[in-house]
Amino acid sequence: MYNQENCRFLKTHEWAFVEGENAVVGISNHAQEEISDIVFVDLPKVGRQVKVGENCCVIESVKSASEIYAPVSGEIVAVNEALNSDPALVNREPHAGGWLFKIKMADPNEVNALLDFAAYSATIAK
Amino acid sequence: MIHTLRKTALCAACEKAGGKMVDFHGWLLPVQFDSIIAEHHAVRNACGMFDVSHMGQIRIVGKEALHLLQYVSCNIIKSGANEGTYFHMLTEQGTIIDDAIAFCLGQEEFLVVVNAACVDEDFAWLTKQAAAFKVTVTNESDQWGMIALQGPTAVGIADKILPGVIDLPRFHIKEIELFGAKGYVTRTGYTGEDGVEIMLPNGQIEALWNALLKLGVKPCGLGARDVLRLEAGYLLNGADANQTKTPYEANCGWVVKLTKENFIGKAALEAKKAAGFKTKLKAFKLKTPGVPREGCKVFYQGVETGVLTSGTFSPLFKGIAVGYVASEIAVGAEVEIEIHGRKVPAEVVKTPFYKNRV
């Protein structure tokens, strides 16, 4: 749905997929593997203004909490309510049903500053 | 300075089995293999095994072995053949140095199994106290590998390798011979399930691990172990107990037997008990989703009352935690736990969260 080849990434493993004036945000497959066993997602409030790089969401696994940073600036216009009852969707479908939230972009050019999939893959290669 | 992590004799076997290795009190140990939730499920419903070789073994031998143990323990150490006793070693102030199990191997011989992070301190403490007794105290921790096999099917599986172990009563020890070496099996564990813990010399422990793998036992890591022990209401020394807390404050009053003639810390405990305690370890269950963690602040009627010492996501009970808060807060009361700046309602509940089925 949000194919990783068509996403742009932060080094901190968040992806953004441009959908009109919105950016859909999630975490990479690599990140969900590292976090494993996701049991709760503390989603941001719809209507909240976020700046690029701002901590705006927390993903909890059994063993740890991971902060999620906004890949672009703008307004949170939607959150993935399905995660409230099934947070492990992020593990199963990090680039589809496990998306986190949507940001109405303040400046669509910000996306161009993010890593493309090849560059992101290089950062996680050992 | 480069800090080298210590490795157990099962380290390579754990890595081979897919263990995600982490630093645990200076030891390189698996936090999980495939999934903490799957490992938790295995132990609650079938069987799982843990590398607990980092735990310590201290042997006390001599005419006054029992006397020394009674003196350093607030609990009454049982001295029947092969009996084990869970106890706390206390400071003169009545606060907790460590929790451990003493197994009676004979009238003049006990094996004490202690927490990994406390081995050196426990050994130094026992050695210091031993000066007044006719005993020798030996730290054998580096010689032993140890596997905890836990779950409703654990003892049946252990019986295939150690015929007869199924008849070993709870909290008892038995000498064994396996893979050409002498060792011990105990009907104990720290998960709230039935099971055994098997000690073998470092050279033989991997053979046991491999035999258990062949029998289909799931390797489990520290992550699952922490969830299981918290559900079962067991303390994690260093987090839920330390040298500023008495057993009474740590919800372990049952371990203290003031009827004993004398033990280190008794006078202080009597005085502190008479004066009452401002805070006690209480258990909490979140009412809405979230994961409470060590360090989260606890609020009661809008006022900060304490801090969590352990907290996790339990597959059975969701967000659960323990922490030191005002003594008067009763079971059933509602508190708030601050998680990432968000106050989450929680109920004060009785421990254990999970009723031991053994």
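**Exercise 1. A hairpin in chain B**

How many bridges join strand β11 (residues 173-178) of chain B to strand β12 (residues 181-186) of chain B?

Solution. This is a predicted model, in which local features need pLDDT of at least 70 and side-chain atom pairs count only at pLDDT 80 or more, while totals for chains, interfaces and linings use all residues. Residues are numbered from 1 along each chain as its sequence is written, and chains are lettered from A and ligands numbered from 1 in the order in which they are written.

Step 1. Strands (E, at least two residues) and helices (H or I, at least four) are DSSP runs, numbered from the N terminus, and two strands pair if DSSP finds at least two bridges between them.
Step 2. β11(B) and β12(B) run antiparallel and are joined by six bridges, and within this pairing Glu177(B) has Lys182(B) of β12(B) as its bridge partner.
Step 3. The two strands form a hairpin with two residues between them, and Phe179(B), in the turn, has a positive phi of about 50°.

**Exercise 2. The sheet of chain A**

Determine the strand order of the open six-stranded sheet in chain A, and identify its edges.

Solution. Step 1. The order is β1-β2-β3-β9-β8-β5 (chain A), and the pairing is antiparallel.
Step 2. β1 (8-9) and β5 (49-50) of chain A each have a single partner strand and stand at the edges, so one side of each is left without a neighbour in the sheet.
Step 3. Inside this order, β3 (residues 22-27) and β9 (residues 101-105) of chain A pair in the antiparallel sense over four bridges, with Val25(A) opposite Phe101(A) in β9(A).

**Exercise 3. The largest nonpolar core**

Describe the largest nonpolar core and the parts of chain B that contribute to it.

Solution. Step 1. A nonpolar core is a set of buried Ala, Val, Leu, Ile, Met, Phe, Trp, Tyr and Cys residues joined through C-beta atoms within 7 Å; a residue is buried if 20 or more other C-beta atoms lie within 10 Å of its own, exposed if 12 or fewer, and partly exposed in between, with C-beta atoms placed from the backbone.
Step 2. The largest such core has 145 residues, and Ile147(B), Leu149(B) and Ile337(B) have the most contacts inside it.
Step 3. Strand β7 (residues 96-106) of chain B gives the most to this core, namely six residues, and at least three residues come from each of domain 1 (6-52 + 142-231) and domain 2 (278-349) of chain B, the bounds being taken from an automatic or database domain assignment.
Step 4. Residues are in contact if their C-beta atoms, placed from the backbone, lie within 7 Å; leaving aside neighbours within four places in sequence, the contacts of Ile337(B) include Phe284(B), Leu286(B), Val298(B) and Val344(B).

**Exercise 4. Between the domains of chain B**

Characterise the contact between domain 1 and domain 2 of chain B.

Solution. Step 1. The C-alpha centres of the two domains lie 31 Å apart, and the contact takes seven residues from domain 1 and seven residues from domain 2.
Step 2. On the side of domain 1 that touches domain 2, the elements that give two or more residues are α2 (36-45) and α7 (222-231) of chain B, and α7(B) supplies the largest share, four residues.

**Exercise 5. An exposed strand residue**

Is Thr136(B) buried or exposed?

Solution. Step 1. Thr136(B), which lies in strand β9 (residues 136-139) of chain B, is exposed because 12 other C-beta atoms lie within 10 Å.
Step 2. Not counting residues up to four places away in sequence, Thr136(B) touches Val61(B) and Gly62(B); Gly62(B) is 74 residues apart from Thr136(B) in sequence and 6.3 Å apart in space, C-alpha to C-alpha.

Definitions and conventions
Contact = placed C-beta atoms within 7 Å.
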